[in-house]
Amino acid sequence: TGKKPVVVSTWKTGVRANEAAWQILDKGGYALDAVEAGVKVEEANPKNNTVGYGGRPDRDGNVTLDACVMDENGECGSVAFLQDIKHPVSVARKVMTDTPHAMLVGEGARQFALSQGFEKENLLTPAAEKEWKKWLETSEYKLEVNIENHDTIGMLALDKNGRLCGACTTSGAAYKMHGRVGDSPIIGAGLFIDPKFGGAVATGAGEEVIKTAGCHLVVEMMRAGHSPEEACKIAIQRIIERDSSNKKDIQVGYIALNKDGVYGGYSIVKGFDVSVCNADGNRAEPTSHQI
Ligand code: SD4
């Protein structure tokens, strides 16, 4: 059986973000506040080049961000292809609470953010710009498997009152085409919560996750009685079943958390971690994997 409260997040980088979430959960706070505060740590971190400020740009040099949130009632908000705003997760939450919609994209999302008082900021750091210019010399688009440069953050939290909420935020695949949107802002792909059973969040090659409606599948498998880890494994195997070519060159990782506080994860390739914080402490645990 699991423990409550608990927060889980993707990759080892999640440990730092968990800390911010735990401050809120430990005091009896709301799971949605916890996941928002948690992932914001990585959005603001210039060293994380897959999220927010410091994220790698698209091939034309634009940093474009995707993020979403989902709450304990299955309400959700999302932004995609958002530019110039450091905390897309907070804009996604505003889409959920302050608009009649579930998703805003691009210039419309940016205008909405500005109207809500978010500030316009340049998100392309000198370090990321330098790397991008180097990339332009070859311009070869290739998704990298693992390990530490793939650190989109997805986070799920179950609070003392049993409310389960999630968030996901990313700058997407490095050097993607301009306008490309990944799985991370798509409810059912990058994140899904079933208020009665649990939630899941994804990281890695977003196109693979979208094509298999990944996180919805994970959560449906929990609904059908599978443990969080088994449910993640089934969704990973569905990716491989759909197209088994080159899978050792592609990484996808899922993490899941059920309403009892039981968590688990699974990935295609070795090297993925679920970071977890509960009464037992805050640590990264390697997940099982297919290859
Ligand atoms: C995407 N899933 O945009 C994201 C990227 C990612 O770790 O998770 N990187 O496809």
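Which residues in α1 meet which residues in α2? Arg16, Ala17, Asn18, Ala20, Ala21, Ile24 and Leu25 in α1 meet Asp33, Ala34, Val35, Ala37, Gly38, Val39, Val41 and Glu42 in α2. The model is a predicted one: local features need pLDDT of at least 70, side-chain atom pairs count only at pLDDT 80 or more, and totals for chains, interfaces and linings use all residues. Residues are numbered from 1 along each chain as its sequence is written. Helices (H or I, at least four residues) and strands (E, at least two) are DSSP runs, numbered from the N terminus. Two residues are in contact if their C-beta atoms, placed from the backbone, lie within 7 Å.

**Helix α1 with helix α2**

- The axes of α1 (residues 14-26) and α2 come within 7 Å and cross at roughly 155°; axes are lines fitted to C-alpha atoms, for helices over the stretch in contact, and angles run from 0 to 180 degrees between N-to-C directions.
- α1 and α2 are therefore roughly antiparallel to each other (angles under 35 degrees count as roughly parallel, over 145 as roughly antiparallel, 65 to 115 as roughly perpendicular and the rest as oblique).
- The crossing of α1 past α2 is right-handed; a crossing is left-handed if the near helix is turned anticlockwise from the far one by less than a right angle, and right-handed if clockwise.
- The contact of α1 with α2 has ten nonpolar, two polar and three charged residues, where Ala, Val, Leu, Ile, Met, Phe, Trp, Tyr, Cys and Pro count as nonpolar, Asp, Glu, Lys and Arg as charged, and the others, Gly among them, as polar.

**Helix α2 with helix α3**

- Helix α2 (residues 31-43) and helix α3 (residues 88-98) have axes that come within 9 Å and cross at roughly 145°.
- On the α2 side the contact is made by Glu36, Val39, Lys40 and Glu43, and on the α3 side by Val89, Ser90 and Arg93.
- By class, the residues of the α2 contact with α3 are two nonpolar, one polar and four charged.

**Helix α7 and its surroundings**

- Helix α7 (residues 214-223) and helix α8 (residues 228-242) cross at roughly 140°, with axes that come within 8 Å.
- α7 and α8 are therefore oblique to each other, and α7 passes α8 in a right-handed crossing.
- From α7, Gly214, Leu217, Val218, Met221 and Met222 meet Pro228, Ala231, Cys232, Ile234, Ala235 and Arg238 of α8.
- Nine nonpolar residues, one polar and one charged make up the contact of α7 with α8.
- Seven of the ten residues of α7 are buried, and the helix is mostly covered; a residue is buried if 20 or more other C-beta atoms lie within 10 Å of its own, exposed if 12 or fewer, and partly exposed in between, with C-beta atoms placed from the backbone.
- The buried residues of α7 are Gly214, Cys215, Leu217, Val218, Val219, Met221 and Met222.
- These buried residues pack against β7 (191-194), β8 (198-204), α6 (206-211), α8 and β9 (252-258).
- Ala213 lies in the loop between α6 and α7 and has a positive phi of about 45° although it is not a glycine.
- Ala213 is partly exposed, with 17 other C-beta atoms within 10 Å.
- Just after α7, Gly225 has a positive phi of about 110°.

**Ligand shell**

- The ligand is surrounded by 14 residues, the closest being Thr152, Gly172, Gly182, Thr203 and Gly206; a residue is near a molecule or strand if its C-beta atom, placed from the backbone, lies within 6 Å of it.
- The shell around the ligand divides into two nonpolar, ten polar and two charged residues.

**Single residues elsewhere**

- Lys233 sits in helix α8 and is buried, with 23 other C-beta atoms within 10 Å.
- A cis peptide bond, with omega about 0°, joins Lys4 and Pro5; Pro5 belongs to the segment before β1 (6-10).
- Ser139, in the loop between α5 (126-136) and β5 (153-158), has a positive phi near 55° and is a residue other than glycine.
- With 8 C-beta neighbours inside 10 Å, Ser139 is exposed.
- Val105 is in strand β4 (residues 103-105), and its contacts, leaving aside neighbours within four places in sequence, are Val79, Ala80 and Phe81.
- Val105 and Phe81 are 24 residues apart along the chain, and their C-alpha atoms are separated by 5.7 Å.
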